[in-house]
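Have a look at the sequence and the model first.

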Amino acid sequence: MTITLDNRSRNKESSLTQALRQIQQLNSKIAVLEQQHQDYVQEQQNLIAAIAEICVSPMQEIQALRILIYRGETACRQYLRSVVVKQRKNS
């Protein structure tokens, strides 16, 4: 016995296959975004640890955290470098 699919059944199968492919693509994108988020969180945690280690006064720590929050990681790293340079000059 031969089973033939009418056009509606074929279209439904095609639509389901397409939907499954789109779901798989979205799941892949979600996995990439989750990894990027984890990397970002780890970098921020490392930067906060560096702030605590480098800054010698609470005011420097507050300034570094403000820079991190309002201007971003790059500006915060620049500030920390300037703090280290000042500390070396004062030593």
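Below are some questions and answers about this structure.

This is a predicted model, where local features need pLDDT of at least 70, side-chain atom pairs count only at pLDDT 80 or more, and totals for chains, interfaces and linings use all residues. Residues are numbered from 1 along each chain as its sequence is written, and side-chain values use heavy atoms, with hydrogens and water left out.

Q: How many helices and strands are there in the protein chain?
A: There are three helices and zero strands, in the order α-α-α from the N terminus on. Helices (H or I, at least four residues) and strands (E, at least two) are DSSP runs, numbered from the N terminus.

Q: Why is Gln44 called buried?
A: Buried means under 20% relative accessible area, exposed over 50%, and partly exposed in between (1.4 Å probe, protein chains only). Gln44 has a relative accessible area of 13%, so Gln44 is buried. Its place is in helix H1 (residues 7-54).

Q: Why does Ile51 count as buried?
A: Ile51, also found in helix H1, has 2% relative accessibility, so Ile51 counts as buried. Leaving aside neighbours within four places in sequence, Ile51 is in contact (heavy atoms within 4.5 Å) with Glu61, Ala64, Leu65, Leu68, Cys76 and Leu80.

Q: Why does Ile69 count as exposed?
A: The relative accessibility of Ile69 is 64%, so Ile69 counts as exposed. Ile69 has its place in helix H2.

Q: What makes up the nonpolar patch on the surface?
A: Ile48, Leu65, Ile69 and Tyr70 form the patch, with about 460 Å² of accessible area together. Accessible areas come from the Shrake-Rupley method with a 1.4 Å probe; for residues, only the protein chains shown count as cover. Helix H2 (residues 58-71) gives the most to this patch, with three residues.

Q: How do you know that the buried residues of H3 line one face of the helix?
A: In H3, the buried residues are Ala75, Cys76, Tyr79, Leu80 and Val83. Seen down the axis of H3, the buried residues fall within an arc of 140°, so they line one face of the helix. The arc is that of the directions from the helix axis to the C-beta atoms. On the other side of H3, Thr74, Arg81, Arg88 and Lys89 are exposed.

Conventions
Patches are made of residues with over 30% relative accessible area and no salt bridge: like charges are joined within 9 Å, nonpolar side chains (Val, Leu, Ile, Met, Phe, Trp, Tyr) within 5 Å. A salt bridge is a side-chain nitrogen of Lys or Arg within 4 Å of a carboxyl oxygen of Asp or Glu.
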